[in-house]
Every structure is written in C-alpha cells, then in structure tokens.
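Hi there,

Here is the structure I promised to pass on to you. Have a look at it first, and then read on for my notes.

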Amino acid sequence: MPVATVLRRGALSIIDYRCDAGPSDTPFVEYHRTHSLSYVRKGSFGYRAGGRAFELVAGSLLVGYPGDEYVCTHDHVHGDECLSIHIAAEVGDELGRRSVWRTACVPPLPELMVLGELAQAAAGRESDMALDEAAALLVGRFINVVTGRTETRAGSTARDRRRAVETALWLDAHAHEPIDLDRAAREAGVSMFHFLRLFTRVLGVSPHQYLVRARLRHAARLLSEDHRSITDVALDVGFGDVSNFVRTFRRAAGVSPRRFRQAARGDRKILQDRLLAR
C-alpha cells in the first residue's frame, strides 16, 4: 500500500493512504496505533471492528482508537484512497471521550464532507489554508456531531452490501447527471423500494442523501482549488438550480459557497467562527 506522510508536527500526523487491495486479497488483522480520523476520498472498503461491520464509501470517515484491532476488506471494489489524521493519545483523550473515538465509522455527512474536501485540497497544496488548521477543523467538527449520528445498521447480506457499495460508486461518478431513485435502482438491478431499504441499511444514508452529499463534496473541492464561478460550480456538480445549491451548501457548511472559497484561500476566521461554534 503506497503511504505518504504529508505532515508531521507535534502531536499531529497526516498520512495519505492509497490501498490497491482487491477482492482476491486475503484480509488480515491490524491495530490502530493512535487516535485517528480517516476521510475516504475515493473508492470503497469494508471495516470490521469490535464485532461490527461497516461499508465505507467516498465521504465516509473511519475512526480509530489506539490498541483496537480491526480488519479491512475489499469484497466489492479494487482499492481506495484516504487522508488520515493521526493524533497523539494524550491529545486525543482531551478532545473527546473514549466512546467518541470508538464510533468506528461515520457515514457521509455533509458538514464533515465539506471539511474533508477542504483538508484534501490543503494536503494537495490547492488551498491557501494550512493543512494542520484544516485538519483541526475537521476533527473539531467530528467531535461536535458524532454523538448525534445514527449508526449504520448491521445484518445485511453480502449481496446487498455489494449492490449498495457499487451503486454508491456509480452515484459518485455520475452525480453531475440528473438521477432519480428509479434510475439508481435500475443500476442496482432491484426494485426502487427494495433498493431504498438496502442502500440505507448498508450505508446509513438514503440514495438521495448520498447523491446530494456527493455533489456537495465535489463542489467543496472545486471551491477550494478552482477559479470558476459559483454558478458554474453549481451546474458542473449537478445542481440544476443555483439558489438551491447556495442554500444546501450553506446548510451543510455553515457559510455560503463564496465565503467557503474565501476561507480556502486563507481567511481562516470564517470557518473557525462559523463551523466550530455550531
């Protein structure tokens, strides 16, 4: 697995992981060495920890607690990419209770995804925001929202998990297109009613929620690193109505797309005041 340390500063390390494992590779037991928060920016993988099983797709967060063992699987797709924030034990314990760090997985949540994309842009030096500050914003927001999340429910079949993951990947790749529940269900090969149930059960969000959040995630990345207009960004990622995009983005990020772009270009106070205070 290609691994690159992007930043190592005091109690904070940020690592870029690019896993090339696939369905034919045998999974093995690993151990978390630190408190960690890994933002899945591409691909998918399974995660088994503490007797629970999760499927992570783009926009999800994997949460690690030092000493806990886990197994990653790639039953449905080949490879994944994550930006992983590692925090020294003493700092992690100060930031949140043990139960918070043993959440294991957070499904794609808009208020976390936009910050994940901002951190990714900072890691790629495509934003003027410092990477350690972007990472701190993501960790702080995670701590604030994680206790109110609805956990992904277990008990789905391997076939259902495959369908959900593969359709999520398809939704992510085609998010800029007009997509309704019927079209997504046809892509999964099941009725729309069964698809809605299985997708939500496996990934913790509905197909429409995932589609909108994929569009928000792509928009956050473009706003962080691109110079096209807000209107062009909205249309390019799949929002047919610019005013709806602005409202949806503001609801997710706590700031307008224009202010988010200003923050990505160096105005740290915007996100510090608006996001961490929510």
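Let me start with the cysteines. The sulfur of Cys72 lies 7.5 Å from the closest cysteine sulfur, which belongs to Cys19, and that is too far for a bond. Please keep in mind that this is a predicted model. A disulfide, after all, is a covalent bond between the sulfur atoms of two cysteines. For this structure the disulfide count is zero. Cys19, accordingly, is in no disulfide, with the sulfur of Cys72 as its nearest cysteine sulfur at 7.5 Å. Cys19 has a relative accessible area of 14%, so this residue is buried.

Next, the aromatic rings. A pair of aromatic rings is described by the distance of the centres and the angle of the planes. In total there are seven aromatic pairs. One of them joins Phe239 and Phe245: the ring centres are 5.2 Å apart and the planes stand at 55°, so this pair is tilted. With planes over 60 degrees apart, a pair would count as edge-to-face. Phe245 also pairs with Phe249, again in a tilted arrangement, with 5.8 Å from centre to centre and 50° between the planes.

Now for a helix pair that is worth a look on screen. Two packed helices are described by the angle between their axes and the distance between the axes. Helix α3 (residues 110-123) packs against helix α8 (residues 207-225) at an angle of about 35°, and the axes are 8 Å apart. Their crossing is right-handed. On the α3 side, the contact is made by Pro110, Met113, Val114, Glu117, Leu118, Gln120 and Ala121. Facing them from α8 are Arg213, Ala214, Leu216, Arg217, Ala220, Arg221 and Ser224. By type, the residues of this contact comprise eight nonpolar, two polar and four charged ones.

Arg221 and Glu117 are 104 residues apart along the chain, yet their C-alpha atoms are separated by 5.4 Å. Arg221 has 21% relative accessibility and so counts as partly exposed; the cut-off for buried is under 20%.

You will find Ala104 in the loop between α2 (98-101) and β9 (105-106). Its relative accessibility is 5%, so Ala104 counts as buried. Not counting residues up to four places away in sequence, Ala104 touches Tyr47, Arg52, Phe54, Leu61, Leu62 and Val63.

Best wishes

Note on methods. Residues numbered from 1 in each chain as written. Predicted model: local features only at pLDDT ≥ 70, side-chain atom pairs only at ≥ 80, totals over all residues. Heavy atoms only, no water. Axes fitted to C-alpha atoms, helices over the stretch in contact; angles between N-to-C directions. Helix = DSSP H or I, 4+ residues; strand = E, 2+ residues; numbered from the N terminus. Left-handed = near helix turned anticlockwise from the far one by under 90°. Contact = heavy atoms within 4.5 Å. Nonpolar A, V, L, I, M, F, W, Y, C, P; charged D, E, K, R; others polar. Buried < 20%, exposed > 50% of the residue type's maximum accessible area, 1.4 Å probe, protein only. Phe/Tyr/Trp six-rings, centres within 6.5 Å; stacked < 30°, edge-to-face > 60°. Disulfide = S-S within 2.5 Å.
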